[in-house]
Amino acid sequence: MSVAFVPDWLRGKAEVNQETIQRLLEENDQLIRCIVEYQNKGRANECVQYQHVLHRNLIYLATIADASPTSTAKSME
């Protein structure tokens with residue numbers, strides 16, 4: 001199960017660290033591989049569940065990125 005599926009009572013309390021982010025990135029890699037495999041086999045309907053999980057993971061990662069300090073933006077100025 002995806003690490004992005006967090007029960008309501010735990011939301012906002014989990015510590016986001018590099019390990020969690022790395023696990024999500026690795027999971028996304030595997031999800032993309034599964035989606036491509038199913039599409040190549042002509043089984044697009046089976047892709048939908050994996051696409052939903054991938055979408056949730058990407059939204060979660062984007063939320064983390066938006067909430068993090070913008071140190072890279074400052075260094076580019």
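1. Of the 77 residues in the protein chain, 21% count as buried. Keep in mind that this is a predicted model. The accessible surface of the chain is about 6200 Å². Carbon and sulfur atoms hold 54% of that surface.

2. The secondary structure is quickly listed. Read from the N terminus, the order of elements is α-α-α.

3. Next, the pairing of α1 and α2. Helix α1 covers residues 18-40, and helix α2 covers residues 44-67. They pack at an angle of about 155°. Their axes lie 9 Å apart. Angles over 145 degrees count as roughly antiparallel, so α1 and α2 are roughly antiparallel to each other. The crossing of α1 past α2 is left-handed.

4. Which residues make the contact? From α1 come Ile21, Leu24, Leu25, Glu27, Asn28, Leu31, Ile32, Ile35, Tyr38 and Gln39. The residues from α2 include Ala44, Cys47, Tyr50, Val53, Leu54, Leu58, Leu61 and Ile64. Glu46, Gln51, Asn57 and Tyr60 of α2 also take part. By class, the contact of α1 with α2 has 16 nonpolar, 4 polar and 2 charged residues.

5. Finally, contacts along the sequence.

Technical notes. Residues numbered from 1 in each chain as written. Predicted model: local features only at pLDDT ≥ 70, side-chain atom pairs only at ≥ 80, totals over all residues. Heavy atoms only, no water. Axes fitted to C-alpha atoms, helices over the stretch in contact; angles between N-to-C directions. Helix = DSSP H or I, 4+ residues; strand = E, 2+ residues; numbered from the N terminus. Parallel < 35°, antiparallel > 145°, perpendicular 65-115°, else oblique. Left-handed = near helix turned anticlockwise from the far one by under 90°. Contact = heavy atoms within 4.5 Å. Nonpolar A, V, L, I, M, F, W, Y, C, P; charged D, E, K, R; others polar. Buried < 20%, exposed > 50% of the residue type's maximum accessible area, 1.4 Å probe, protein only. Areas by Shrake-Rupley, 256 points an atom, 1.4 Å probe, with all protein chains shown as cover.
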